[in-house]
Amino acid sequence: MDTENNQQHTNNPQTSNTNFTEDELLEIYNRIPRLLANNIIKVSVLEVKQALNYNYQVLLVEERNGNYWVINTKSTEDETYWLVPKGSFRINQHNINTIKSLFECLEFKLEQTREFILKKPAKISRLPNQDQWSLQAKGILDFGNRSSSELELKKNKRDRLQSQIEELIQERDRLASQLAQTGSDRLTKVEKPTEDIKEDKADKLQQEKQERSHVRLIPSPEKNNTIDLLIIDSGIATTWKESPENIRVYDNQTLASLNVEEFKSQKIVWEGIRLIESKDLFLPEFKFIDLEDALPGAFLPPNIEINFIGQRITPLLPLNPILLEYFTSEELIKRIQITPIQKSSLLRVSLDLPLSGVNNSNQSQIYCIFKDYQIKEENALPEVPVLEIWPHFQAEGWRSYYAFYYDAEFGDETFQVSLPSAREPHLFKDGRESFQISRLEEFPSYINCQDRDRQTIGLILLRSPKVTILKDYWKVGVHFSTSFTNVYVNRKGIVESLPLESLHLKVTEVGTETRIPVLFEYFVPENFIPLDKPLPLSNVLTTRGNSHSPQGKERPIYDGRIYFPDRNRFKPQEDWLETDLSFKNFVAHRLFLQHLGLHISALAAKNNVREVQWCLSYLSNASKRDRKLYAQNWQNITKELQTQTGITHRCPEVDELEYFRTESLAIAQYFADREGYNLVNSTCIDLGGETSDISIWENNQLLHQCSVQLAGRDLFSQFLELNPKFIQKFDVKVNELQKLKEGNFNAKLDVLLRLESQNWLEKIVFLQDDVEFQGLIRLVAIGTAGLYYYLGIILKTLHQERKYQHQKITSVYVGGYNSSVLNWLDERGKFDRNSEINQLFSRMLSKGSGFENTDEITRLSSNPGDEIACGLVLTNTKLRMATTIAKDPLIAGENCELNGQNITSQGRLEFDGEIKDFRISRELEHLKRFLYEFNLGLRELDMEGIKPMSGFRPGTGLESSYDSQLWRNTLRELDNTLLKIKGDSENIRVEPPFILALKALLRVLGKEWAGKKE
């Protein structure tokens, strides 16, 4: 997992040499690891790189609360350091793989104890850049049964030591507290109101309240509607130099006459009044986190520096949460002072309370209270949980915030949380781990930290983000396909990929190896993979920790979230991952789009956007029913978003062709208006995962568009699924793919190709003489050339229908997520106008159409996968688009029979009503002609990178017995497909017979290449 955005770097991290040996290091670490704290650098794993021999190169980098300590002892050699897990480290399912890359784990079982004894530290060396380390030798952790007694010994010794320390300091602390109390000066302060009250009505209300009570807490202006809170403290009279009889509490009760117990027992009842003793505004104990800067997202008083046993610590504010009902976090923080009392382990927490006072004015009168706390070892929390707020902004009308909590299995060694304003908090366990996801309608001002009994132990205040004013307009294009989803925006005429950015408030500082995986799996990730180009998104949904909402009531974030798979951790076979997000898997499909819509809306609001115009694409051959369902789904999603986000969402109706368009039209507009090509005589192809969307253009006028199910899956992926061992040639462990079936295999391979294809392509230059590699490339070439041959048949048909006038082959523009498959057909690993395969493609167009071969060049998109999303938001096109949806049935490409009706190869294929019988000519005339022309073309063009099929001879074709067997197997494979094409036509995807037969041929040849018998 790339963690670039999560590191806290220093230019020259240093650690001093310690004066103990390796054996002494082990002894200290296993007994009292805290003693090492002054001699460490905290680090986390930056990257785990797989080397050619399947070993791993592990890089580490300094991080504020990293999970590992770097130590330099006197026994180490120059520039070599020891690495150990931090003293409070807990192993869980999310970091165990990282641990195993650094340490041998003896007798480890995930479901059993996670406690260990360090038997040998890992050995690392500093890299030349001075801020990274590389693993040299693994250490050893022992999780065996004998660890229990050793750990108990360690704990007992530490407890005895702490007891002795506390006995020594208790008397000193009492004396220091008395001295501080004697020297304290409770001066009366007068404070101007935070905000001038200009209206006479407000002045009158303030005066009436003041007359009723002198000890009413004056809230922040934003909290004026809160019920009155009266502060009871006999010290008020002394501080204000007034007699208790002159300080009115309420009505006829004064500080002198009021019996607080009668109020608590409800013998005295004042309607609309709350009463609290000032001492109850503080919590009984001071809890703290035994780490420096453990709360980077917290709002703390300035210039706090608290130390405990020589180490900086991070406080939880020991205040009653009731204060946040009366103060904003910004005002409360101004009223708090935390001051260590010198020469003691005491800490003074002071709070300035603005009270109505006895001055008969609109100015509040300050009463300062304080409490002295002893900093105790027993109140130390060794660790913090993962605690995040998303999104980290405020905007007009935005009412959709989420908080995430994960205890990292620390249990009592950390705190639990409550967000009082949270709606529908979802608390759940996953094994030993505790989680909480909550939704809020406003950005939280604080977090209530609690112990396991749900008692408050401290507060974390949060600074309110500045409110964003919404005023701008975005045009958003969403291309949702089989494997990937891409998003482009047009803002003020600037068209660009959706600017993904982190919208997290990271409240706590937790090690990267712990924090990053859980955000990916259970919540919203902070960063995106790959960092340099996170779009397009993989179509993968995580449902881990879902709330099991009733069917039809599923909610984004709670029940499913977009998952960003990485190279090593992605295991599509996990039961909490959904890789089929097609419409037939509707719940997962809808959750993915709901989260996508919410995330896009958050980015829009962050960028001051008030109105979003959605632009959507769909397959060219989608049925009327599917188009309506897809459009309606988006309309429902955006309607929900409008109530939550304060943004006006405009979602197209199914007949709004400007904003709801076929993929083939969108990609054509991309090539015409983004890359500047003239579609005078052109074919545009979007090569996706399962489908290729095709459009034919003449003089910038659309002649034909269609969608065929021949794309990346059939042209490349299926062959690797048949022979997964082949992928070892690209340094991938075969077991990563070998056991995956169907959709899971494709999902994993899609991710590998997305992240690693450039590295793989760089290797093919060394595989040109590899027989197995040559066989794979020939299969890819047959499939791709077959698609060109079918394009030729389309051109011939359009010409005969008098729609296409030129009577010559077209130039071809190819884009889409899987257009990079063309790079495999060039021995350099990079397809361009000089690639030999261009000659073969042009020849196949000519042979399929019967037109002259004019050596047309195929041009590959400059931005593979971006074309459709980009084309959706482009304006002022030079293309002449249709204003209505015209009927444009598929062209068969091969003779066939549908429900007893004969259709020629150039006939149009329409499925209507019930399909009882669908047959394709057993002669496979055009497919056989194509395969012959393919091999003949390779022979005559004498291409260096791709050779004809074995045994091919011009004039006769393939060797007779092999040829007969090949077509028998192809027909058998084709018959198996045709058996499934029966029933209601609404549930059947129409496919050209030529393409169906070509796919059957590829399947047979693929099995042959993989060594699988028919």
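Leaving aside neighbours within four places in sequence, which residues is F930 in contact with? They are I782, A785, G786, Y789, M844, F994 and L998, where contact means heavy atoms within 4.5 Å.

A quick word on ground rules. This is a predicted model, so local features need pLDDT of at least 70 and side-chain atom pairs count only at pLDDT 80 or more, while totals for chains, interfaces and linings use all residues. Residues are numbered from 1 along each chain as its sequence is written, and side-chain values use heavy atoms, with hydrogens and water left out.

Now the overall picture. The protein has 19 helices and 55 strands, taken as DSSP runs (H or I, at least four residues, for helices; E, at least two, for strands) numbered from the N terminus. Of its 1014 residues, 58% count as buried; buried means under 20% relative accessible area, exposed over 50% and partly exposed in between, with a 1.4 Å probe and protein chains only. Among contacts between residues at least 6 apart in sequence, 71% join residues at least 24 apart.

Back to F930. Along with F918, F930 touches the most other members of the largest nonpolar core, which has 103 residues. Such a core is a set of buried Ala, Val, Leu, Ile, Met, Phe, Trp, Tyr and Cys residues joined through side-chain atoms within 4.5 Å. Helix α14 (residues 771–800) gives this core its largest share, 17 residues. Apart from it lies another core of 99 residues, including V384, L387, F480 and L591. In soluble globular proteins, nonpolar side chains tend to be buried together.

Then there are the rings: the structure holds 44 aromatic pairs. Rings of Phe, Tyr and Trp (its six-membered ring) pair if their centres lie within 6.5 Å; planes under 30 degrees apart count as stacked, over 60 as edge-to-face and the rest as tilted. Here are two of the pairs:

| Pair | Centre to centre | Between planes | Class |
|---|---|---|---|
| F116 and F143 | 5.7 Å | 55° | tilted |
| F671 and Y677 | 6.4 Å | 50° | tilted |

F116 lies in the loop between β6 (103–106) and β7 (117–120), and F143 in the loop between β10 (139–142) and α3 (147–183), 27 residues apart. F116 counts as buried because its relative accessibility is 10%, and F143 is buried too, at 3%. In the other pair, F671 is buried at 0%, whereas Y677 is partly exposed at 23%. Ring pairs also link F404, Y406, F428, F435, Y522 and F523 into a cluster.
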